Amino acid sequence: MEEWKEYRLGDVAIIKGGKRLPKGIELISNPNTHPYIRISDMYVNKTMELTSSYRYVDNNTFNKIKNYIVNSGDIILAIVGNTIGLVAIIGKSLNNANLTENCVKIIANKEVSQEYIYYYLTSIYGQNKIKKSIVGAAQPKLPIKNIISITISAPSKELQERTTNILSSLDDKIELNRRINENLEQQAQALFKSWFVDFEPFKDGKFVDSELGMIPERFNIKYIGDIPHTIESGRRPKGGATDKGVPSIGAENIKGLGVYDYSKTKYIPKEFALTTNRGKINGYELLIYKDGGKPGYFIPNYTIFGDGFPFENMFINEHVFKLDLLNKEYNIFAYFYMQTPFIMNQLNSIGGKAAIPGINTKDVESLPIFSYENNKIKEFGNIVLPMIKRILKNCRENSRLAQLRDTLLPKLMSGELKLSEIETKLDE
């Protein structure tokens, strides 16, 4: 450890806050203007790239807050809210983006490299020091003066570079798997669209015969309630969720295929899990966002878990539906089918009318769906099932790689691992 030195973050980096939007200004969805990074945009990936979920400011607003921008390679740190302490690094697609006042940006300027600061702050050591710098109980926050005083343990510049090369290689593998998954899902979406959307009964957004005003029998359409299935939500244990036990998946983690934020995991006691099978995820069931959100506004979301992702043993909580059509291939078809405009519009309308936005069992069972007797459904499932299996396998590997990445630096600092040993193993 004699090679390692302690630095104050404020001595080796520039730390600058973001900027609140001017009063009366609202974000827009026009991607031809300037991205505005909100704290909610930090949820999915530590490396932040531009996605369809981003919102923007117009040119006039940008000119008013242009001194508060981030560029590729900048580190950002959340300083308020339930994501306080979350660290991300700006990717190549987010140059010249405005930053919310709920984050600060960090740019290295001396003995410690930008990449090393990023990996240190995301490590267990860094996160512990960030937590100790938080003030306030009712409304916790992370003042810039406290961030400046956070200490960083770092080796020589040469060892910093070797360390970050290893960590970035793990991140590169994670990103490669993510891109493979994205491509596989796009292929499945394209196949679904060509087989089931670009013809009747979906064509032009209609689900009925234009002349008869009803669903033609030749399409083998059934209602979910009339076909073999099970549907249930999870149960809330007495006293609520705990910080250990068996993972309990909530609506906040029903975000699409292959997406899971481990930092949001809650748990139910093992004893409770042993006494109930309600809400247990066996794998390849369709999980549906059931309730929550702003009054009058409901957008359902879906996912499929399984094959050990995100956990081997897991349950859903009371805010999630588990729909099982008793066949993996049929459930996979349903994942894509439920995202068609007709079904989404129907659930949007139903869910938004409730006092607490959401849907119930009857709402799901009243939805029409192609019967599994339709041979095209079976063929689609047979083609896409291997794609979903690959996606889940990649997600499982990414979870393992992320855990290795996040624990590697502390093990190097403690002397538990030696850099040369890790480099040798990676070269094999």
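Two strands are said to pair if DSSP finds at least two bridges between them. Helices (H or I, at least four residues) and strands (E, at least two) are themselves DSSP runs, numbered from the N terminus. In this structure, strand 7 (residues 75-78) and strand 8 (residues 87-90) pair in the antiparallel sense over 3 bridges, and L77 stands opposite V87 in strand 8.

The structure is a predicted model, in which local features need pLDDT of at least 70 and side-chain atom pairs count only at pLDDT 80 or more, while totals for chains, interfaces and linings use all residues. Residues are numbered from 1 along each chain as its sequence is written, and side-chain values use heavy atoms, with hydrogens and water left out.

The secondary structure of the protein comes to 12 helices and 20 strands. The C-alpha atoms fill a box of roughly 80 × 50 × 45 Å, taken along the principal axes. For 428 residues, a compact globule would have a radius of gyration near 22 Å, and the 24 Å of the protein agrees with this. The radius of gyration is taken over C-alpha atoms, and the globule rule is 2.2 Å times the number of residues to the power 0.38.

Strands of a sheet pair through backbone hydrogen bonds, either parallel or antiparallel. Axes are lines fitted to C-alpha atoms, for helices over the stretch in contact, and angles run from 0 to 180 degrees between N-to-C directions. In the loop between strand 8 and strand 9 (97-99) lies N96, whose phi is near 65°, a positive value in a residue other than glycine.

Another open sheet has 4 strands in the order 13-19-16-17, with antiparallel pairing. Strand 13 (230-233) and strand 17 stand at its edges with a single partner strand each, so one side of each is left without a neighbour in the sheet. Strand 16 (residues 286-289) is joined to strand 17 by 2 bridges, and I288 stands opposite Y302 in strand 17. The loop between strand 17 (302-303) and strand 18 (315-316) contains P310; the peptide bond from F309 to P310 is cis, with omega near -5°.

Helix 8 lies across strand 16, strand 17 and strand 19 (320-324), running at about 30° to strand 16. Helix 8 (residues 328-337) also packs with helix 11 at an angle of about 85°, their axes being 8 Å apart. Helix 8 is therefore roughly perpendicular to helix 11, since angles of 65 to 115 degrees count as roughly perpendicular, under 35 as roughly parallel, over 145 as roughly antiparallel and the rest as oblique. Among the residues making this contact are F333 and F336 of helix 8 and L385 and I388 of helix 11.

Helix 11 (residues 375-414) also meets helix 6 (residues 157-197): their axes come within 9 Å and cross at roughly 165°. These two helices are therefore roughly antiparallel to each other.

Terms used
Contact means heavy atoms within 4.5 Å.
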